[in-house]
Amino acid sequence: MFSIYILTYNEELDISACIESAMLSDDIIVVDSCSSDRTVEFASHYPIRVVQHAFESHGRQRTWMLENIPPKYEWVYILEADERMTPELFAECEQAIHNPNYIGYYVAERVIFMNTWIRRSTQYPRYQLRLFHHGKVWFADYGHTEREVCDGATSFLKETYPHYTCSKGLNRWIEKHNRYSSDEARETLYQLENGNVNWWHLFFGSSEVERRRALKDLSLRLPARPLLRFLYMYFILGGCLDGRAGLAWCTLQAFYEYLILLKVWEMKHMPTPSLDTVISH
């Protein structure tokens with residue numbers, strides 16, 4: 001058996017289905033970022049632990065969770081409210097935790113958008129580290145999300161999990177990605193000034209994760225990024241074969257990329273005024 005952490009913030013529409021999918025485990029911990037809706041109320045109806053902690057960033061929230069909420073078992077799985085655990089994935093996780101060669105496992109998501117699995121334009125299989133030995137993995141911030149720091153070897157699971165990325169509607173998706181784009185703009189500026197492209201990982205990376213991260217570092221330095229991203233996703237990855245949902249998904253991702261670029265320009269050319277400047281006016 002392994003423990004399951006569920007991260008939430010204003011997830012009243014998703015939390016019940018998420019918890020019910022995870023109840024194959026007898027140790028579920030909801031870590032809520034002080035939601036203002038009924039997330040905690042709904043979660044409290046289940047025989048699980050519910051803990052609240054003010055959100056600072058994705059990396060810090062995960063690190064705080066791992067340091068301050070001890071799980072029942074040595075192995076843990078991180079689930080988000082718009083994702084689901086499946087019986088097949090749970091069974092593979094149970095087998096994987098007995099392998100002494102690895103301290104963590106990456107799992108691929110299946111993005112569900114407009115009731116459609118967006119298989120092609122989401123770079124499937126796109127992996128996230130989700131199952132790991134407690135105390136062997138930590139998280140650091142990167143853009144709007146996080147990157148893991150692992151103390152040991154990792155591997156990949158075959159089973160996948162569904163990710164209902166727009167389950168709360170387009171308004172919530174746009175609002176969330178507006179916030180994300182600010183973090184991505186700051187990370188873009190930092191990487192352009194201090195980072196570099198790992199060309200070896202880009203062409204000869206040992207895993208999808210290494211190749212994808214190197215590709216992102218390269219994409220930050222390309223001109224016309226929104227247009228290139230749309231063409232890459234829609235034609236090269238095959239989003240055109242994902243139907244109407246694929247076209248909508250690729251368009252939204254290009255819009256998101258353009259929003260990041262606009263905020264990069266704003267941060268460079270329209271710095272936030274200091275308190276002294278505001279007072280003097």
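Let's start in helix α5, residues 170–194, because that is where T188 sits. T188 is buried, at 2% relative accessibility. A word of caution: this is a predicted model.

What does T188 touch, leaving aside its neighbours within four places in sequence? The contacts are L220, R225, I260 and V264. Now compare T188 with Y9. The two are 179 residues apart in sequence. In space, their C-alpha atoms are 26 Å apart.

Next, helix α1, residues 15–22. Which of its residues are buried? They are I15, C18, I19, S21 and A22. Look down the axis of α1. The buried residues fall within an arc of 160°, so they line one face of the helix. There is a general point behind this. An α-helix has 3.6 residues a turn, so residues three or four places apart point the same way.

On to its partners. β4 runs parallel to β1, and 5 bridges join them. β4 also pairs with β7, residues 126–133. That pairing is antiparallel, with 3 bridges.

Keep an eye on Y77 in β4. Opposite Y77 stands I4. In β7, the bridge partner of Y77 is L131. One more general point on strands. In a regular strand, side chains alternate between the two faces of the sheet.

Now helix α3, residues 58–68. This is the place of Q61. Is Q61 buried or exposed? Buried, since its relative accessibility is 2% and the cut-off is under 20%. Again, leave aside neighbours within four places in sequence. Q61 is then in contact with L7, V31, D32, S33, H53, A54 and F55.

Last stop, the surface. A nonpolar patch of about 570 Å² lies there. Which residues make it? L222, L227, L228, L231, F235 and I236. Take L228 as one of them. L228 is in helix α8, residues 225–236. Its relative accessible area is 37%, so L228 counts as partly exposed.

Notes. Residues are numbered from 1 along each chain as its sequence is written. This is a predicted model: local features need pLDDT of at least 70, side-chain atom pairs count only at pLDDT 80 or more; totals for chains, interfaces and linings use all residues. Side-chain values use heavy atoms; hydrogens and water are left out. Patches are made of residues with over 30% relative accessible area and no salt bridge: like charges are joined within 9 Å, nonpolar side chains (Val, Leu, Ile, Met, Phe, Trp, Tyr) within 5 Å. Accessible areas come from the Shrake-Rupley method with a 1.4 Å probe; for residues, only the protein chains shown count as cover. A salt bridge is a side-chain nitrogen of Lys or Arg within 4 Å of a carboxyl oxygen of Asp or Glu. Helices (H or I, at least four residues) and strands (E, at least two) are DSSP runs, numbered from the N terminus. Buried means under 20% relative accessible area, exposed over 50%, partly exposed in between (1.4 Å probe, protein chains only). The arc is that of the directions from the helix axis to the C-beta atoms. Two strands pair if DSSP finds at least two bridges between them. Contact means heavy atoms within 4.5 Å.
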